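Come along, and I will write down what I looked up, entry by entry.

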Amino acid sequence: MSASDYARIEKAIRYLEQNARRQPKLAEVAAQLGLSEFHFQRLFQRWAGLSPKRFLQCLTAGYAEELLKQSPNLLDAAYAAGLSSPSRLHGLFVQLHAVTPAQWRSGGAGVTIRYGFHDTPFGRCLLGLTDKGVCHLGFVEEDAPAALEDLQAEWPGARLQADAAATRAVALRIFSRTP
């Protein structure tokens, strides 16, 4: 991997950060770098570890989170974040946080999070699941009770339920060595 590739990805990340509210298409970002869409997609994935689209979704979700802290209106938050409708905001939150925007804003009120501790190739992890998917994945140094306290602090309104059997299958899929 060359220094010029690094510089291209740095430029792409800055461009995506500066234009996230406009939701630029892959072709637009690739053109900024003088690359084909295919080459840009592969290069970004190799360097950043995720696709440009997923990176843009994370930027958008972060901005939407800030908006939701300030305004109870999902429609305004969706449009201000560059999304075309509240349903796009809903889908984004379910995909990235495994809760709806309203559940996220309430700290998980009414949500049950099943959790378990599991060994991974990177060390021990704490995995949290809602009925919609993974809402928490954190690595645990030594202090499992502190990690559990952090999970409760992240989701103060949620009901935590120990269920290592349910989270084990998901942990195995996440950390499976087979592609």
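Helices (H or I, at least four residues) and strands (E, at least two) are DSSP runs, numbered from the N terminus. This is a predicted model, so I kept local features to pLDDT of at least 70 and side-chain atom pairs to pLDDT 80 or more, while totals for chains, interfaces and linings use all residues. Residues are numbered from 1 along each chain as its sequence is written, and side-chain values use heavy atoms, with hydrogens and water left out.

**Entry: helix H9**

I looked up what lies buried in H9 (residues 164–174) and found Thr167, Val170 and Ala171. Those buried residues fall within an arc of 105 degrees seen down the axis of H9, so they line one face of the helix. The arc is taken over the directions from the helix axis to the C-beta atoms. My accessibility classes are buried for under 20% relative accessible area, exposed for over 50%, and partly exposed in between (1.4 Å probe, protein chains only). Strands S1, S2 and S3 are among what covers the buried residues of H9. On the face turned away from that buried side I noted the exposed residues Ala165, Leu172 and Arg173.

**Entry: a nonpolar patch**

Which residues make the nonpolar surface patch of about 470 Å²? I listed Phe122, Val134, Leu137, Phe139 and Ile174. Patch members have over 30% relative accessible area and no salt bridge; like charges are joined within 9 Å, and nonpolar side chains (Val, Leu, Ile, Met, Phe, Trp, Tyr) within 5 Å. The areas come from the Shrake-Rupley method with a 1.4 Å probe, and for residues only the protein chains shown count as cover. Strand S3 (residues 133–139) gives the largest share of the patch, 3 residues. Phe122 sits in the loop between S1 (112–120) and S2 (123–130), and it counts as exposed because its relative accessibility is 63%.

**Entry: loops and positive phi**

I checked the loop between H6 (86–97) and H7 (101–105), where Thr100 is placed. Thr100 is buried, with a relative accessible area of 15%. Leaving out residues up to four places away in sequence, Thr100 touches His90, Phe93, Val94 and Lys132. Ala98 lies in the loop between H6 and H7 too; its phi is near 65 degrees, a positive value in a residue other than glycine. Ala98 is buried, at a relative accessible area of 2%. Gln23, in the loop between H1 (3–19) and H2 (26–33), also has a positive phi, about 55 degrees, although it is not a glycine. Gln23 is partly exposed at 22%.

**Entry: salt bridges**

How many salt bridges does the structure hold? I have 7 in my notes, each a side-chain nitrogen of Lys or Arg within 4 Å of a carboxyl oxygen of Asp or Glu. Glu28 pairs with Arg22, with the closest N and O atoms 2.4 Å apart. Glu66 and Lys69 meet at 3.3 Å, N to O; being 3 residues apart in H4 (residues 52–70), they are separated by about one helical turn. Lys132, one of the residues touched by Thr100, bridges to Asp131 at 3.7 Å between the closest N and O atoms. Lys132 is partly exposed at 37%, whereas Asp131 is exposed at 70%. Bridges with shared partners join Asp5, Arg8 and Arg46 into one network.

Note on methods:
Contact means heavy atoms within 4.5 Å.
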